[in-house]
Amino acid sequence: MSRPVSAALAPLTTLLATRRGKQLALPPRLARLYGSLRVPSLHGRPYVFSNFVATLDGVVSLNETGHASGGDISGFNAQDRMVMGLLRAVADVVIIGAGTLGADSRHLWTAAAIFPGLANDYRQLSAALGNSEAPLHVIVSGSGTLDLGLPVFAAGKVQTLILTTRPGAKRLLQQHVPDSVEIRAIRTTGRSGHAIPAQAILDEVCRVRPARRILVEGGPRLLGDFYAARLIDEQFLTLAPQIAGRAADDRRLSLVMGRSFVPDDPLWGSLTDLRRGGSHLYLRYSFPVEPA
Ligand SMILES: NC(=O)c1ccc[n+]([C@@H]2O[C@H](COP(=O)([O-])OP(=O)(O)OC[C@H]3O[C@@H](n4cnc5c(N)ncnc54)[C@H](OP(=O)(O)O)[C@@H]3O)[C@@H](O)[C@H]2O)c1
């Protein structure tokens with residue numbers, strides 16, 4: 001028998017609360033579990049935020065078969081899943097890369113999928129924010145090597161936008177494309193190979209779904225491209241109290257992969273919010289954004 005949510009899940013303790021943005025009217029149970037949630041409303045562009053969980057030594061993925069998910073990092077922590085659901089519930093759009101889809105290929109990036117016991121509360125919140133449906137799922141794959149039979153595409157439960165290159169679109173169109181899936185090709189320059197510039201991803205997303213809040217759930221390569229283009233307003237980061245460790249030839253991933261910043265191009269954030277749930281810390285940092 002499943003335990004009632006209230007017995008399984010203790011509220012977070014707020015240690016520092018951001019004063020930036022508008023306070024959202026959370027349904028009572030979410031307000032009790034999370035505390036108050038403020039989210040900026042920006043003029044002329046969406047608020048772009050990311051959410052990850054990392055170990056104390058900065059690992060976000062063990063990157064090994066059967067243990068590549070965020071759950072291995074957080075310890076399948078209920079409070080972390082509650083926060084993931086909350087952020088998905090306020091997002092108009094969730095963007096992920098092909099690697100993140102591949103690591104969790106049966107998943108949907110909805111609030112209900114990450115914390116089914118709070119599905120009604122999340123639905124109430126989304127509806128109050130004007131969203132009657134799940135966030136638009138955007139999957140980024142330069143190569144277009146995606147299986148359109150996966151639930152995120154084929155179950156018809158969410159609207160999905162695949163952003164790819166021209167060769168990627170050609171490859172994808174060899175499969176049956178479900179009605180809930182739209183494929184858009186973005187022109188890339190020869191120099192960048194099949195990498196799509198992060199600004200082009202955002203521009204295309206906004207053409208398809210005018211959005212106020214866009215959640216980038218990663219993974220590390222996609223997030224790296226967004227940071228390199230200075231397009232992330234805020235990073236939500238759960239710090240899980242474990243040391244993952246690394247072998248000398250390790251393939252474990254950290255928050256950003258494929259891009260480096262310091263010392264040539266340093267990228268500093270400011271702590272805006274801090275909550276505690278047991279020994280897990282829920283951090284929120286703001287970063288300078290340079291929209292096109
Ligand atoms: N701890 C956490 O909170 C967390 C969060 C998210 C993900 N993860 C983990 O991170 C791992 C995946 O890492 P990853 O770095 O491989 O993830 P990723 O960024 O999701 O995937 C990389 C792939 O996505 C596509 N892609 C990303 N950026 C692109 C761009 N600008 N243009 C075109 N294509 C782009 C490419 O696909 P193609 O090769 O098809 O071109 C690329 O190979 C998984 O184990 C996942 O569970 C952990």
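1. The model is predicted, so local features are reported where pLDDT is at least 70 and side-chain atom pairs count only at pLDDT 80 or more, while totals for chains, interfaces and linings use all residues. Residues are numbered from 1 along each chain as its sequence is written.

2. Helix α4 (residues 78-90) packs with helix α7 (residues 119-128) at an angle of about 30°, and their axes lie 8 Å apart. That angle makes α4 roughly parallel to α7 (angles under 35 degrees count as roughly parallel, over 145 as roughly antiparallel, 65 to 115 as roughly perpendicular and the rest as oblique). Helices here are DSSP runs of H or I with at least four residues, strands are runs of E with at least two, and both are numbered from the N terminus. Axes are lines fitted to C-alpha atoms, for helices over the stretch in contact, with angles running from 0 to 180 degrees between N-to-C directions.

3. From α4, the residues Gly85, Ala89 and Val90 make the contact, and from α7 it is Tyr122, Leu125 and Ser126 (two residues are in contact if their C-beta atoms, placed from the backbone, lie within 7 Å).

4. On α7, the buried residues are Asp121, Tyr122, Leu125 and Ser126, where buried means that 20 or more other C-beta atoms lie within 10 Å of a residue's own, exposed means 12 or fewer, and partly exposed is in between, with C-beta atoms placed from the backbone. These four cover an arc of only 135° around the axis, which puts them on the same side of α7; the arc is that of the directions from the helix axis to the C-beta atoms. Their cover includes α2 (28-34), α4 and α6 (111-114).

5. Helix α11 (residues 220-228) is largely enclosed by the rest of the structure, because 7 of its 9 residues are buried. What covers those buried residues includes β4 (47-55), β5 (93-97), β6 (136-140), α10 (198-208) and β9 (213-218).

6. Most residues other than glycine have a negative phi, and most peptide bonds are trans. Asn63, although not a glycine, has a positive phi of about 55°, and it is found in the loop between β4 and α3 (70-74). Arg230 likewise has a positive phi of about 55°, in the loop between α11 and β10.

7. The peptide bond from Gly218 to Gly219 is cis, with omega near 10°, and Gly219 is found in the loop between β9 and α11. The bond from Val262 to Pro263 is also cis, with omega near 10°.
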